[in-house]
Structure formats: C-alpha cells, structure tokens
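Open the model in your viewer and keep the selection tool at hand. We will go from stop to stop, selecting as we go.

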Amino acid sequence: METRLCSVLLAAALLAGCSWFHRGEQAPTQIVAEDPQGQPSVIEPQVNRRDVKTPKIKAKDFEVGAYFGALSVQDFGTNPVYGIRLAYHVSEDLFVEGYAAYSKAGQSSLEEVFPQITVLSSSGRQFTYYDLDVGYNVLPGEIFLGRGRAFNSALYVTFGIGDVKFADQDQFALNFGVGARILVTDWLALHMDVRDHIFESNLFGVDKNVDNIEATLGLTTFF
Amino acid sequence: MRPLLALVLLLQAFHSNLAHAAERHLELVVTQPYLEMHSGPGRGFPIVYVAERDELITVLFSRTEWYKVRAPRGQEGWVRRADLALTTLTSGEPAPIPPYPEFSTHHWEVGAGYGVYNRENLVTAYGDYSLTDSIDAEFVVQQALGTLDNRYITTIGLRHTFVPEWKWFSPTAGLGAGYQYIDDKVPPAPRDKSNEMAYVSLGVRGFITRRFMWRADWRHYVVFNNLNVSEELEEWKLGFAVFF
C-alpha cells in the first residue's frame, strides 16, 4: 500500500517537475489572416526581440597593494617594516587611504651600553600601526625614461590619524607623509613614501612626543 | 627579490582576472567637432591626440572624472567626463556616462575622522546609507585611545538632516544604540569590561568638493552598567567623508 502511495506521489511530483521545466514554452501564437481568395494563411512570426546591452565602463578608482621599507623607531634603531594599503581616489587631486604595518624594534642605546638592562620584552618590541589618511596630489606629471617612454606620476602629501601599538600599549598617533606614485602601467603603480608617525610616549619616565620616520617602497594595483 | 616577484605575479593574476570580466568595451561616436585626449588623468597633462567628428572611440575604463579611451588607429589618451558626455552611442543615443551623484540625494557615504570620547583621543570610521532624502542609517566603528584605557566602540543609529538641500552647512540630529569594550591599561580594572549604550547626537555637515564632504558631531552617551547610576559620556568628532 505504502509503495503504491509512494509511486503515485512520485509520479505526481515528476509530472509537476516536467510541467515546471516547460513553463516557458508556450505554443507559438498563430496569426491567421484572411487572404483575398478567402483561403486562410498562417503567418508565424520569426523575428526575435534583440536585447542591446551597452557594455559598462569599469571604474578603476581603488588601489590596493603592499609596501616594504625601513622604520626608525625613536630610541630603538631602524628596522624593516612591512605593510599593506588600500586607497580610494575621490578626484584627480584627492584620495583617501588606509594602511596597516608591522615592524619589530631593536635595542635602545641604553640596552646596548648596559646589556644587563632590558627595557622591553620581546612582545613589547613589536611595533604595529594602522592609519586613516587623506592625501593630495600636489605635483602630478610625467616621468621620462629615455626618449620613448613616459610614465604618469604624482608627488603627494598625506595626513592622518591612527593607532600605534608599541611597548604592549596602543597609542593615538598622528602621521604626516610625502610620497611619489609612478604608474608603470595603467594598473600597476610604484610608490615611494616617507612618513612620520608621531605619538606620546613615557617609556623612559618622561612624557615626550616620539617621531618614528619610515621610508618605504611599495607596489599597488588599481581596480 | 623573491617576495617582490611573488607580489608582482600576484597583482598580475589579480588584475588579469578582473580584466577578463570586462572584455567588451563601450564604443562611442564623437559628435562635437573634436575630442581632446590627454596623456594623463588630470587637467595639466598635455593633449596628445585629437579625435575628429564621427570617429569611433573605445572607452577602456575610468579613473575619478577621467576616462581612458582608444581612437580607431590605436592612440590612447584620457578624456574628461564632461567632454565624453557629449558623445553618442552608435545608435545615436546619448553616451551612458553616469552623472555625478547629487549631494542632496546620494545613497552611500563612507567617512573617517578624529574625535574626543570621554577625554580620550578617538579614531572613528563610519558607513552611512540614506533611507530617504533626510534620514540616514549610520554604522560607526571607533577606537578611543586614552592614558587609563582603550575603548572599542561600535554603534548603529538613525540620523536626520534638517535641510538636506542646504549644501554647505546643514544641521543634523540622531539617536542610536551601541556597545563598548574597555581594554584597561592601568589598574584598577573596570567593573564591566563591556557595556551596552544609547546615544543622542547633534551635528552639522557640509559639502567640500565633487564627492567629498565634512561632518562635525556631538554625542551624548548613556552607558548601561550594573551600578545604580548610569554612566554618561560625551563625544566630539570631526570627520571627512566620500559619498556615492
């Protein structure tokens, strides 16, 4: 009994499935016209409607990439820094940018002179930051390589705020920078940046503003 | 050298994937007496080619208000948005160059800024969607960096713009709810590490240029805690935003 019920239900489901698959196929509408002799003739329209799609213009206003360079952590020497960046170009002059990077500070002069003193633990030496910046293309132009090659470029200034984590503490930081962007192709750009991250530190007992200057080289792609 | 090579290859792969997706380009007919093509996407770049009337140009992509185009004989250059908007499709219809989003009726807005939250420095970022011309839903993520603690704050709320058609200066008011997480630096530890909050806000906003705008906001928070008296906090911030 149960098997029969199952097969009936299955058949019904299959029929429903088939009719669902054929839901778009309606019998062609026949237009019947009377011809002068009184003989009806059948005209089947063969013209398919053409959908003209205009291709969309791709906007390439975003820039994403990575950079590498040297970061001088005040009192802790100069060390490699690795970062990633994402930028959005608002107009030919203005862009907004966010980036994050990692570095590890070295030994302070105090530690070098007195090796028994440890100012920071290993995790405290990790220097990470993120920043949100506004940039302005001050000097857009072209850079020439020999006679036959010209690359679009721009010298820009940036200003922003962010967070620096150093000595196991997050600090509010300001940053100022100047950089050059050279477009190797329309989608690949080479960046050279010098940036100062300024924050207040009291690591050595006195509150002072420390300057952490970095020089980096980066590659980005526009999309 | 190897990481650099890997990065270039990665970027290349990333780019070629994107390029594949948009292989068909838009073709437009020059209807004005001529169309100037610059060597770069900026007002100062020299004109390197001039397309004539009735020439068919291919639009490759856009960057800010400039469009990279290719002339029939392969010359490439950048055309200003306003100039390209004067061309037509091959069918004679106007070129589908989207107009700039209107300041008073834009839909999306993304911004960031600086502020002071409970006497701590504040880094703030937000996204905003216009529900109507005057009411927006905003989502804010911010980090307050102080000497005693760091706080991570996220809020969601509604904001009303009183006169959306006032371009340069328009007052706003809002309310919403949020959540803060306290990461203490100096003992004693706070009673609650995280709290729910509600806020009211007053602010102003104005247009700067093209798609760039500024906002200033004051917020008053009520922090729901386990004490008998709710804690109250104040926040000031100034930010810049891009709208779409």
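This is a predicted model: local features need pLDDT of at least 70, side-chain atom pairs count only at pLDDT 80 or more; totals for chains, interfaces and linings use all residues.

Now widen the selection to β4(A) and β5(A). Nine bridges join these two strands, and the strands run antiparallel. Follow the chain from β4(A) into β5(A). A hairpin of four residues makes the link.

**Stop 1: the other side of β4(A)**

How many bridges join β3(A) to β4(A)? There are 11, and here too the strands run antiparallel. Pick out two of the facing pairs. Val64(A) sits opposite Leu86(A) in β4(A). Tyr67(A) faces Gly83(A), again in β4(A).

Next, look at the turn of this hairpin. Five residues lie between β3(A) and β4(A). Click Asp75(A) among them. Its phi is positive, near 75 degrees.

Strands of a sheet pair through backbone hydrogen bonds, in a parallel or an antiparallel way.

**Stop 2: the barrel of chain A**

Now select β3 through β10 of chain A. What do these eight strands form? They make a closed barrel with antiparallel pairing, in the order β3-β4-β5-β6-β7-β8-β9-β10. From one strand to the next, the twist averages 25 degrees.

Zoom out to the whole of chain A. Its secondary structure comes to two helices and 10 strands. Trace the elements from the N terminus: α-β-β-β-β-β-α-β-β-β-β-β.

Of its 223 residues, 30% are buried. Then consider contacts between residues at least 6 apart in sequence. In chain A, 53% of them join residues at least 24 apart.

**Stop 3: where the chains touch**

**Stop 4: chain B as a whole**

Why is chain B described as more spread out than a compact globule? Its radius of gyration is 25 Å, while the globule rule gives 18 Å for 244 residues; the value is well over the rule, so chain B is more spread out than a compact globule. Along the principal axes, the C-alpha trace of chain B spans about 80 × 55 × 30 Å.

Colour the two domains of chain B. Domain 1 covers 21-99 and domain 2 covers 108-243 in the domain assignment. Their C-alpha centres lie 42 Å apart.

Burial can be checked here too. Buried residues make up 31% of the 244 residues in chain B. Among contacts in chain B with a separation of 6 or more, 45% come from residues 24 or more positions apart.

**Stop 5: the barrel of chain B**

Select β7 through β14 of chain B. These eight strands form a closed barrel, β7-β8-β9-β10-β11-β12-β13-β14, with antiparallel pairing. Neighbouring strands are turned by 25 degrees against each other on average, direction ignored.

Strand β7 (residues 108-117) and strand β8 (residues 120-130) of chain B pair in the antiparallel sense over 10 bridges. Click Val110(B) and look across. Gly127(B) in β8(B) stands opposite.

**Last stop: Phe243(B)**

Select Phe243(B), in strand β14 (residues 231-243) of chain B. Is Phe243(B) buried or exposed? Phe243(B) counts as buried, because it has 22 C-beta neighbours inside 10 Å, and the cut-off for buried is 20 or more.

Show its contacts beyond four places in sequence. They are Pro101(B), His106(B), Trp108(B), Glu109(B), Arg211(B) and Met213(B). Finally, draw a distance to Arg151(B). The C-alpha atoms of Phe243(B) and Arg151(B) are separated by 28 Å, and the two residues are 92 residues apart along the chain.

Technical notes: Residues are numbered from 1 along each chain as its sequence is written. Chains are lettered from A and ligands numbered from 1 in the order in which they are written. A residue is buried if 20 or more other C-beta atoms lie within 10 Å of its own, exposed if 12 or fewer, and partly exposed in between; C-beta atoms are placed from the backbone. Two residues are in contact if their C-beta atoms, placed from the backbone, lie within 7 Å. Domain bounds come from an automatic or database domain assignment. Two strands pair if DSSP finds at least two bridges between them. Axes are lines fitted to C-alpha atoms, for helices over the stretch in contact, and angles run from 0 to 180 degrees between N-to-C directions. The radius of gyration is taken over C-alpha atoms; the globule rule is 2.2 Å times the number of residues to the power 0.38.
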